[in-house]
Amino acid sequence: MNTLLSASASTPAGGEVWVLEIRGGRPLRGRVEVKGAKNLATKAMVAALLGETESVLRDVPDISDVKVVRSLLEVHGVTVTDDGEGVLRLDPRGAVSAHMEEIDAHAGASRIPILFCGPLLHLLGQAFIPDLGGCRIGDRPIDFHLDALRAFGATVDKLPSGIRLSAPNGLTGANIALPYPSVGATEQVLLTAVRAKGTTELRNAAIEPEIMDLIAVLQKMGAIISYEPNRVIFIEGVDTLRGYDHRSIFDRNEAASWACAALATDGDIFVGGAKQQEMLTFLNVFRKVGGDFDIHEDGIRFRRGGALKPVVVETDVHPGFMTDWQQPLIVALTQAEGVSTVHETVYENRLGFTQALNKMGADIVVHPEGIASPDRRVARRALEQAAVITGPTPLHGADVVVPDLRGGYSYVIAALAAQGRSRVAGVDIIRRGYEKFLEKLTILGADFDVVG
């Protein structure tokens with residue numbers, strides 16, 4: 001029996017570790033709702049620092065990453081109020097500088113502090129960021145960010161405790177070409193360029209839907225931003241910006257995760273709030289694997305359309321197949337009839353989670369240097385990997401420890417698809433990107449307990 005409702009009052013909090021005891025073999029069925037995207041909401045919250053009046057952000061998910069950004073904003077003197085229904089009001093008019101120790105204490109494992117730099121340099125002339133955390137899925141250097149800030153005229157001093165930035169003469173527009181269309185670096189340039197003097201040209205920019213939604217937020221604030229062909233973005237700096245009122249784009253990563261859960265468990269899940277346009281690439285792969293879906297005005301229904309089939313997938317930046325989608329998909333591919341290959345070209349360490357799936361009965365071989373193929377569409381990268389999944393293989397329960405956000409979700413879904421009992425430790429990290437995760441599992445009929 002699922003004891004979530006009785007256990008929720010004593011669910012671990014703070015720095016304690018969640019452990020789920022899962023009894024698998026039951027299809028997930030029902031409806032879950034997705035709110036605003038983690039990768040937009042947290043960045044729009046930072047953008048509020050640039051305005052001279054209050055901003056209102058709607059459909060904000062109740063996740064730990066949002067709480068981290070809220071704490072960081074409050075440390076810097078921003079007043080943040082929450083109506084309890086996913087609406088945040090952010091008033092930056094009391095913004096002040098914060099001590100490194102305060103920033104470090106609230107940043108936790110988040111890498112979001114780096115995006116505070118541009119707005120704080122405009123607002124206060126200086127910024128401090130501690131050592132950055134985040135999921136350990138590969139090398140995520142901040143050099144792209146620092147090089148861009150230097151191009152705007154910032155002075156960067158690396159200290160033992162972190163990085164200090166200053167802009168005594170203000171920031172000016174720059175011509176910046178990213179060596180890789182990094183989402184984080186693109187956000188950094190946008191948040192900095194909108195108030196810099198002159199025009200900024202950003203080449204090889206990321207163009208994810210969350211980036212476009214951030215551009216919409218900044219335009220509402222008074223920014224002048226144009227998107228040109230071939231990943232080129234022009235930003236004309238303005239003297240002042242006002243607050244915004246904006247509803248976040250839906251979280252396509254969470255929507256895809258629940259879709260993969262329907263495949264893996266042979267379930268039937270309606271994801272309320274999901275939209276077709278932002279998920280076109282995922283939906284194509286979902287259909288090739290053997291999934292079926294119905295597009296509705298208020299969401300998308302996901303289920304199997306028959307026996308699962310093997311596929312070849314190459315992760316890439318948008319509009320390619322997102323790296324955040326491959327981990328839950330691999331769980332479903334363990335039940336496909338044949339050999340699938342997933343080429344991971346974005347992060348070099350994101351396939352380590354497959355070791356636990358093999359422990360549960362999967363047949364997955366990771367090629368640490370990738371696999372060359374004449375049929376590849378995405379250019380090979382020096383640090384890429386590939387996973388070869390042979391199925392179908394029955395999954396059985398096991399004790400596993402969550403490695404990162406998407407890998408953690410995948411472990412839970414694998415445990416729910418497996419026969420027998422599993423213990424999944426460290427599930428608390430899933431709160432970084434999945435709102436009301438345990439409640440949603442309950443709605444879908446999962447059989448689990450929260451244990452100490």
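Trainee: What makes up the area buried between domain 1 and domain 2?
Mentor: In this predicted model, about 2,000 Å² is buried between domain 1 and domain 2, and carbon and sulfur atoms give 52% of that area. On the side of domain 1, Val317, His318 and Arg432 supply 34% of what that domain buries against domain 2, which is more than any other three residues.

Trainee: How do you know which residues of domain 1 and domain 2 are in contact?
Mentor: Contact requires heavy atoms within 4.5 Å, and 24 residues of domain 1 are in contact with 20 residues of domain 2.

Trainee: Why is the pairing of Arg432 and Asp65 called a salt bridge?
Mentor: The N to O distance between the side chains of Arg432 and Asp65 is 2.9 Å; the cut-off for a side-chain nitrogen of Arg and a carboxyl oxygen of Asp is 4 Å, so the pair qualifies as a salt bridge. Two salt bridges are found across the interface of domain 1 and domain 2, and eight residue pairs there are in polar contact.

Trainee: Which helices supply at least two residues each to the side of domain 1 that touches domain 2, and how do the residues of that side divide into nonpolar, polar and charged?
Mentor: The helices are α9 (252-265) and α13 (405-417). The residues on that side of domain 1 comprise seven nonpolar, five polar and twelve charged.

Terms used. Residues numbered from 1 in each chain as written. Predicted model: local features only at pLDDT ≥ 70, side-chain atom pairs only at ≥ 80, totals over all residues. Heavy atoms only, no water. Buried area = accessible area lost by both parts, 1.4 Å probe. Polar contact = N/O pair within 3.5 Å; in protein donor to acceptor, adjacent residues only side chain to side chain. Helix = DSSP H or I, 4+ residues; strand = E, 2+ residues; numbered from the N terminus. Nonpolar A, V, L, I, M, F, W, Y, C, P; charged D, E, K, R; others polar.
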